[in-house]
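Me: I would like to learn how to read a protein model one feature at a time. Could you walk me through this one?

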Amino acid sequence: MKRRIFSEEHDAFRETVRSFLAKEVLPFYEQWEKDGIVSRDAWRAAGKQGLLGLAVPEEYGGGGTADFRYSAVLAEEFTRAGTPGLALGLHNDIIGPYLTGLATEEQKRRWLPGFCDGSLITAIAMTEPGAGSDLQGIRTRAEDRGDHWLLGGSKTFISNGILADLVIVVARTTPEGGAHGLSLLVVERGTEGFERGRNLDKIGQKAQDTAELFFHDVRVPKENLLGELNGAFVHLMTNLAQERLSIAVAAIAGAEHLLEITTRYVKEREAFGRPLATKQHIRFEIAEMATECAVTRTFLDRCVEEHSNGGLDAVDASMAKWWATELQKRVADRCLQLHGGYGYMSEYPVARAFTDGRIQTIYGGTTEIMKEIIGRSLLG
């Protein structure tokens with residue numbers, strides 16, 4: 001079915017993204033994978049091309065559009081190119097809303113221009129060694145010392161952790177209240193006591209720096225409190241729908257791309273003197289994956305449309321995230337199998353997609369958490 005959610009302006013933006021990838025990303029990506037980190041030059045190039053801060057008001061250097069379809073285009077094209085290491089989606093769709101929606105005017109003028117031009121790379125630090133989805137388990141604490149907060153604790157699995165110039169830290173600012181005793185504090189590069197640990201060695205997305213962060217009695221100015229004091233839980237819940245939709249959009253794009261390259265492969269690859277595509281089992285495998293992708297794409301496009309109009313709720317976002325990421329995982333496994341031994345070779349796109357995509361069902365809320373959210377909405 002022809003997709004109907006994009007206009008000519010979105011199509012033109014898609015061409016811009018493809019040109020950017022061809023010029024500024026693909027020629028260097030293999031080296032970034034080896035280095036375990038992307039070049040800051042790529043971030044500045046993305047800013048120059050207008051790919052950062054799409055939803056940030058123009059007065060701060062952003063694109064000035066709240067239309068999520070532009071973010072969807074960006075996610076789709078980066079996924080199809082196999083280049084998740086340059087984490088523009090994290091920057092734009094996950095961290096951006098915190099800065100545009102919660103920052104004071106002074107904070108916006110201090111941070112958003114760099115956010116948009118690529119000179120200020122961002123991260124959000126929520127996960128800890130003993131606390132992932134369970135916010136009540138967060139132990140990083142910030143004590144009120146009058147004119148500043150004294151921050152202590154550690155975080156792990158932080159995307160952009162090495163490159164980040166600005167980190168939004170989820171910290172406990174009152175012992176009472178459980179998950180409701182948390183606040184968001186912004187820690188900037190160079191702050192005394194803020195240290196980065198090792199760049200973690202992952203099975204996939206190796207170009208995307210993921211690090212441990214340590215806060216040893218870090219003095220955070222009072223003016224770096226983001227949003228309401230003890231209001232982090234509400235702030236985090238408010239922005240999770242977009243985060244999960246962003247992951248789902250990348251997931252269905254990834255599944256579709258795997259299906260495309262595998263369809264080409266089975267047409268060309270021969271076994272017992274005939275192309276694999278002539279085998280009934282292969283045709284059934286392709287037919288099943290194509291149908292699952294088509295059905296999922298229809299739902300995802302509806303979610304993107306709803307979100308662009310301000311109507312996507314947490315339950316639909318959870319359904320989208322759960323279903324699309326699990327589909328991506330299944331499709332990656334089946335497509336690798338259809339490639340046979342070649343699918344296990346790192347130089348084949350299907351192999352990299354298999355490992356790069358495995359995190360999709362975990363970050364942004366695991367599949368199990370998504371099911372819990374959906375189940376509670378139905379059963380109370």
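**Reading the model step by step**

Reply: Gladly! Let's begin with a span: the end C-alpha atoms of residues 7–118 lie 27 Å apart, and the span is 68% helix and 0% strand. UniProt, in an unreviewed entry, lists these residues 7–118 as "domain: Acyl-CoA dehydrogenase/oxidase N-terminal". Keep in mind throughout that this is a predicted model.

Me: Which residues does the "domain: Acyl-CoA dehydrogenase/oxidase C-terminal" annotation cover?

Reply: In the unreviewed UniProt entry, that annotation covers residues 236–379. The end C-alpha atoms of residues 236–379 are 24 Å apart, with 75% of the span in helix and 3% in strand.

Me: Now the whole chain, please. How many helices and strands does the secondary structure of the chain come to?

Reply: There are 11 helices and 10 strands in the chain. Its radius of gyration is 21 Å, close to the 21 Å that the globule rule gives for 380 residues, so the chain is as compact as a globular protein of that length. Along the principal axes, the C-alpha atoms fill a box of roughly 80 × 50 × 40 Å. Of the contacts with a separation of 6 or more, 74% are between residues 24 or more positions apart.

Me: What about burial and surface? What share of the 380 residues is buried?

Reply: Buried residues make up 50% of the 380. The chain exposes about 17800 Å², and carbon and sulfur atoms supply 53% of that area.

Me: Let me try a single residue. Is Gln 328 buried or exposed?

Reply: Gln 328 counts as buried because its relative accessibility is 8%. Gln 328 sits in helix H9, residues 314–338. Apart from neighbours within four places in sequence, Gln 328 is in contact with Ala 251, Gly 254, Ala 255, Gly 357 and Gln 360.

Me: And on the surface, which residues form a nonpolar patch?

Reply: Tyr 342, Tyr 344 and Met 345 form one, with about 350 Å² of accessible area together. Tyr 342 is in the loop between H9 and helix H10 (349–356). At 36% relative accessibility, Tyr 342 counts as partly exposed.

Me: Next, charges. How should I think about salt bridges, and how many does the structure hold?

Reply: The general idea is that side chains of opposite charge can pair when their charged atoms come close. This structure holds 32 salt bridges. In one of them, Arg 297 pairs with Glu 256, their closest N and O atoms being 3.0 Å apart. That pair links distant parts of the chain, with Arg 297 in helix H8 (residues 280–308) and Glu 256 in helix H7 (residues 232–268), 41 residues apart. Arg 297 is buried, at 7% relative accessible area. Both residues also belong to a network of salt bridges, whose members include Arg 14, Glu 77 and Asp 301.

Me: Where do Arg 376 and Glu 372 lie?

Reply: Both are in helix H11 (residues 367–379), four residues apart, about one turn of the helix. Arg 376 is exposed at 56% relative accessibility, whereas Glu 372 is partly exposed at 40%.

Me: What is the distance between the closest N and O atoms of Arg 302 and Glu 306?

Reply: In that salt bridge, they are 3.5 Å apart. Arg 302 and Glu 306 are four residues apart in helix H8, so about one helical turn separates them. Arg 302 is exposed, with a relative accessible area of 52%, while Glu 306 counts as partly exposed at 29%.

Notes
Residues numbered from 1 in each chain as written. Predicted model: local features only at pLDDT ≥ 70, side-chain atom pairs only at ≥ 80, totals over all residues. Heavy atoms only, no water. Helix = DSSP H or I, 4+ residues; strand = E, 2+ residues; numbered from the N terminus. Buried < 20%, exposed > 50% of the residue type's maximum accessible area, 1.4 Å probe, protein only. Contact = heavy atoms within 4.5 Å. Patch = residues over 30% accessible without salt bridge, like charges linked within 9 Å, V, L, I, M, F, W, Y side chains within 5 Å. Areas by Shrake-Rupley, 256 points an atom, 1.4 Å probe, with all protein chains shown as cover. Salt bridge = Lys/Arg side-chain N within 4 Å of Asp/Glu carboxyl O. UniProt positions renumbered as here; feature names shortened; annotations may be inferred. Rg over C-alpha atoms; globule rule 2.2 N^0.38 Å.
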